[in-house]
Amino acid sequence: MKLSVNSIQGFNKLYGTTGDVAADGIDKLVEKIGAQLGAVEEVVDFGSKYKDVVVAKVVSCRKHENSDHLSICTIDDGGVVADVARDQDSYVQVVCGAPNVREGITVAWLPPGSTVPESAGKEPFVLLARAIRGEISNGMLASIRELALGDDHAGILEIADDIKPGTLFADYYNLQDDKVIDIENKMFTHRPDCFGFLGVSRELAGIQGMAFKSPDWYQLSPEFPTIEADELSLTVHNEIPELVPRFTAITMSNITVGPSPLWLVIELTKVGLRSINNIVDYTNFFMLETGQPLHAYDYDKVKALDGGDAAHIVVRYPRDNERIELLNGKVINPRQEAIMIATQTQPIGIAGVMGGASTETDEHTKNIILESANFDMYSVRRTGMAHGLFTDALTRFNKGQSPLQNLAVLAKVVDEIRQFAGGKVTSAVIDNNNLPAAVMERASLHPAIPITVDFINERLGSSLSADQIKVLLENVECTVAVDGDKLDVAAPFWRTDIETREDVVEEVGRLDGFDKLPLVLPKRTITPAKKDNLFESKRKIRQALSKAGANEVLTYSFVHGNLFEKVGQDKSQAFELSNALSPDLQYYRLSLTPSLLEKVHPNVKAGYDEFALFEIGTVHGKAETDEQGLPKEFGRIALVWAAGPKVVAHKYEGAPFYEARKFVVDLLSDHITLQKLRFVPLVVADYAGHELFQQMLAPYEPDRSAVLYDGERLIGVVGEYKRSVAKSLKLPDYCAGFELFLSAFNSSKGSSYVALPRFPKVSQDITFKVPVNLPYQELYNLVWDELGKAQPERTFPSLSTVGIYQRDDDTAHKQVTFHLSIASYEKTLTGTEVSKLFKTIALVAKDKFGAKWV
Amino acid sequence: MAAASGTILSNMNYQYPKIAEAAELLKARAASLENKADILKAVELRALYGEIATLPVDERANFGKEINTLKAELEQLVAASQNEAEALPPIDITAPFDTNVAADKRPKLLPSEAGSIHPLMQELETVLDIFYRMGFTAIESRELDDEYHMFSSLNFPDGHPARDEFDTFMTVQQDHNGHPLIAPAHTSIMQNRMLRAHADNLAKGEPIAVVIPGRVFRNEDLDARHEHTFYQFEGLYVDKGVNAGNLLATFKTFLSEYYQQDIEIKSQPFYFPFTEPSFELALSCPFCQKKGCNICSQSGWIELLGMGMIHPNVLREGGVDPEVYTGFAWGCGLDRLVMMKYGIEDVRHFESARLDFLRQFV
């Protein structure tokens, strides 16, 4: 929302507001707006480019002898400009090429040394006294375009106002040092009144403790002139009062469509609007002033469409397959729920959005219909969005303007057009008013709000008195009745937003200044805040994995559809985005691993030989929704380790699987009892019905991956990736990883302690030769279990694995060597005792697995 | 061809006897070939292509299509055999290391100094720790939600223009009410849930004090300053007698603790449907002590977040009586805090997974 500070000061003075809103300077005003109204986007210097422009009168004008179009003029500037050559009458000579220059007209003179306003802020063009074809021209006479007030460059500006020669242009038109302040619209989403100069001016006064006074014409029930020429009859029929609470209109004749008065052109230019003609400009200006959009129809065109002797307006839904050509030349099929303005036979506008081309006012228009109406904000907003139409009118209508100001604005425009465009009122005002009677009676959209001083102070933390509150609210023209501690606050007719007590609290707090509130922390009990286990486990995971040399990454929750194909996931399981700007964001991901795999190759390319990336994230699948139909969210932790051939050559041997296994065991050791951790061969079919888990398994190679269990609880997968996955994502040969459910981490087991034996431990290795297909874990478990059964009383054993070997000449077997340490709490154990223990274990191992003790 | 169709072709039925015969022949031969790729160079296949020109014009297209299908089938056969040839043997997934691997070549973790925690997550831990010490419990926000929690429960009436301020991602799939699901554009989606989940706090005379971090999404084009994915932390505090001054004081206290210096704050009125009054909060620049620097654009102040007193409709919708209780809420971006702290120039680094970036944050 843009507004000129000078204009506001001007009408504040005119209408009787106390004080000057910019008394402390623009900087202070901007600061004040920031603190109490909303963000200022920018402050534009509008006035300074006019500082040297002088109003002058052309005293004489003759043809330039050496030119077919130039004229040599003498102008009267009242003698105000210094350092300029003058003739005996003290007039100044200016050469002018405009066809309309002539004796007697009042013009805008740019004296030597001044800058052409049009060039200000670009490449400043500074005027001189110089000879044009032998005749001295002291500066120039300016056109509308050179004054940066429009596009007209056919001739120089002829000032119609009666101004004394020598008056500074900026003084007469109130442009001295004028600044245009642009306040962010977002702040006014709920403040339709602040889409008008009046609304913002009222706020500027209110936040500075000044009493704002609205103009007298801005009233609930204005008087309209009686019919003063031949009647132009108009009927209005509103078929959808639920969407059109109020529709007011009036007809006028004898209009002279033409250029607008200069003050109006200037006011529109200040806020970035173009002058079109006086009728359009008046309706636009009063929209800017009040927030209420207006529309002018050509009466004769409206009447002609129905072919009768009166004009008819029907407010209705569109008919089937109806089409309308709009003012911008577009032809559209309005959406079914659009509000149409029509004659009895055809549409002439889309309410709240844009008028139709067929009834546009133009230079031939003599008779008009003026409309000031109120439309359902939601409906017009949807219509605008549906057709991609965004207009100044829609911006205001879709905030929900007050229907109580329709007549005031209509009456004001009628008055202006009567005075300045020759218009005569030719009908009674039509007021199709569907508002509840109570609203009209109390002259306010919402009932007065009963509130107490305490209610306000309790919510703000302030200590305002009833009288202070009353003054703050009355400054912006609320009506406040005080009865001790109780207040009754009635909002003025233009305020749509003051409905609840909290709205009053906001109003009071803002007008007083939130920066005045005492900063006091809340008082509360000292009950400790509950810890969230999830954050706690995430923190531990991060610490453990970063300590293990892995790097935490964050990747997008959305993936491209072809990533699913690359890793063999079923995209029909994934939630699909319908409106993403980029194809990289087509689906919610089904697991984290594919996103990590995508990041491997770029890092290899960036020169990293070995690294592990991990991510903690959330996944969704269509198969998993809760009772409310909301997708369930699953926390996951995934890691991918990758190494290049050079690193592998000197650091590793064997399958990459074991590296991933190392990471996962290291991570899990803080959270679960490792004895309960089981590695089970990956057979996808076993997880039928667990759709999301199956999708998580998809990238993993079944022969070289394991499903992980904590006891009976499924917790994830660890392994190498399928060849096809490795190929399509350009993974190095040495690459493996895991993905686990975050829920596996929700209990922290902590450390357990066993008292230390006082006697020294005895250590010995034992090697078994077993069939090559016997899983290592089964042998380990057997040894550990048997150790537990056979260990002497009150001893403390520990078992580790030294090696797994296979001889070249015996591929049917492998040899596993364990290292046993055992200590007693009672005595020093002997080698014989350990050997005896081994014998017992070996017997069982032989019996069960055909294991041979070697 | 095979990649484009994406379907597995095997034992296709070919309409043209000539093609069917050739298919059988070539597949049989492929089975015996050492290098299966040679089958694609078979003369029979080339001969079939040669035949197209001899056919009546209206049959050429169909015949040609069938040869292409045959060729695709053979290509898949070759690819499958190559995958098979490259497939590695099964391993004992229960063992801690592979067979015949010397002790010094067995799996090992990477050096600690190579490890890193993501800067956003480091910062989040710092933030949560401060709020935890201030008595706030934490819960994570959702990444996929419904229209009710995104808008309706937060006092955004259907069709309200304030909904336009959020460029939300929506899904093809719908919720029970026929609305698309929504990628949350703010962590405020959790307000209603938290009010309900912690109702018993109020009954016990204790406040609801929660901080809610999470991922949020805006459907925007990416550039150095715009991400479609970023992090926020929401705060929620409800009790008897909570006021706007409390809100400002709470955030001033947090900021001063976070920056380890006395921070000044400036509030600017704002409009959010779910708070009344609403503010945008600016803090005195902690990097230059208000003298003016690049981070604060020489202004001495940094606009940081939106906040306000929870709207009575939001409390009511969450089962809290606004006549008895009042509260405040805020939503603060995490990415911005981290970018300012380290001088990170491009927001896209955060989700890039580039080790060049990540390993700078130990």
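Tutor: Domain bounds come from an automatic or database domain assignment. On that basis, chain A of this predicted model is divided into domain 1 (2-44 + 184-206), domain 2 (48-172), domain 3 (234-435), domain 4 (449-513), domain 5 (533-745) and domain 6 (762-853).

Student: Which residues of α5(A) and α6(A) meet?

Tutor: From α5(A) come Leu264(A), Glu267(A) and Leu268(A), and from α6(A) come Asp281(A), Asn284(A) and Phe285(A). By class, that contact holds three nonpolar, one polar and two charged residues.

Student: And what makes α12(A) and α14(A) roughly perpendicular to each other?

Tutor: The axes of helix α12 (residues 453-460) and helix α14 (residues 501-512) of chain A cross at roughly 65 degrees and come within 10 Å. Since 65 to 115 degrees counts as roughly perpendicular, that label applies to α12(A) and α14(A). Here the crossing is right-handed. Phe455(A), Ile456(A), Arg459(A) and Leu460(A) of α12(A) make the contact with Arg501(A), Val504(A), Val505(A), Val508(A) and Gly509(A) of α14(A). Six of these residues are nonpolar, one is polar and two are charged.

Student: Now for sheets. How do you know that β24(A) and β25 of chain A pair?

Tutor: Two strands pair if there are at least two bridges between them. β24(A) and strand β25 (residues 486-490) of chain A have five bridges, in the antiparallel sense, and so they pair. In this pairing, Thr479(A) stands opposite Ala490(A). Helix α13 (residues 466-475) of chain A packs on the sheet, touching β24 and β25, with its direction at about 170 degrees to that of β24(A).

Student: Why are β23 and β24 of chain A said to stand at the edges?

Tutor: The open sheet has three strands in the order β23-β25-β24 (chain A), paired antiparallel. β23 (449-452) and β24 (479-483) each have a single partner strand, so one side of each lacks a neighbour in the sheet. From one strand to the next, the twist averages 25 degrees.

Student: What do β7(A) and β8(A) form?

Tutor: They form a hairpin, with two residues between the strands. Arg133(A), in the turn, has a positive phi of about 50 degrees. Four bridges join the antiparallel strands β7 (residues 129-132) and β8 (residues 135-138) of chain A, and Ala129(A) faces Asn138(A).

Student: Which strands are the edge strands in the sheet of chain B?

Tutor: Its seven strands run in the order β1-β4-β5-β9-β8-β7-β6 (chain B), with mixed pairing. The edge strands are β1 (137-138) and β6 (265-272), as each pairs on one side only. Within this sheet, β4 (residues 208-217) and β5 (residues 229-239) of chain B run antiparallel, joined by ten bridges.

Student: How many residues does the contact take from chain A and from chain B?

Tutor: Chain A gives 111 residues and chain B gives 101 residues. On the side of chain A, 48 are nonpolar, 29 polar and 34 charged.

Notes
Residues are numbered from 1 along each chain as its sequence is written. Chains are lettered from A and ligands numbered from 1 in the order in which they are written. This is a predicted model: local features need pLDDT of at least 70, side-chain atom pairs count only at pLDDT 80 or more; totals for chains, interfaces and linings use all residues. Two residues are in contact if their C-beta atoms, placed from the backbone, lie within 7 Å. Ala, Val, Leu, Ile, Met, Phe, Trp, Tyr, Cys and Pro count as nonpolar, Asp, Glu, Lys and Arg as charged, and the others, Gly among them, as polar. Axes are lines fitted to C-alpha atoms, for helices over the stretch in contact, and angles run from 0 to 180 degrees between N-to-C directions. Angles under 35 degrees count as roughly parallel, over 145 as roughly antiparallel, 65 to 115 as roughly perpendicular and the rest as oblique. A crossing is left-handed if the near helix is turned anticlockwise from the far one by less than a right angle, and right-handed if clockwise.
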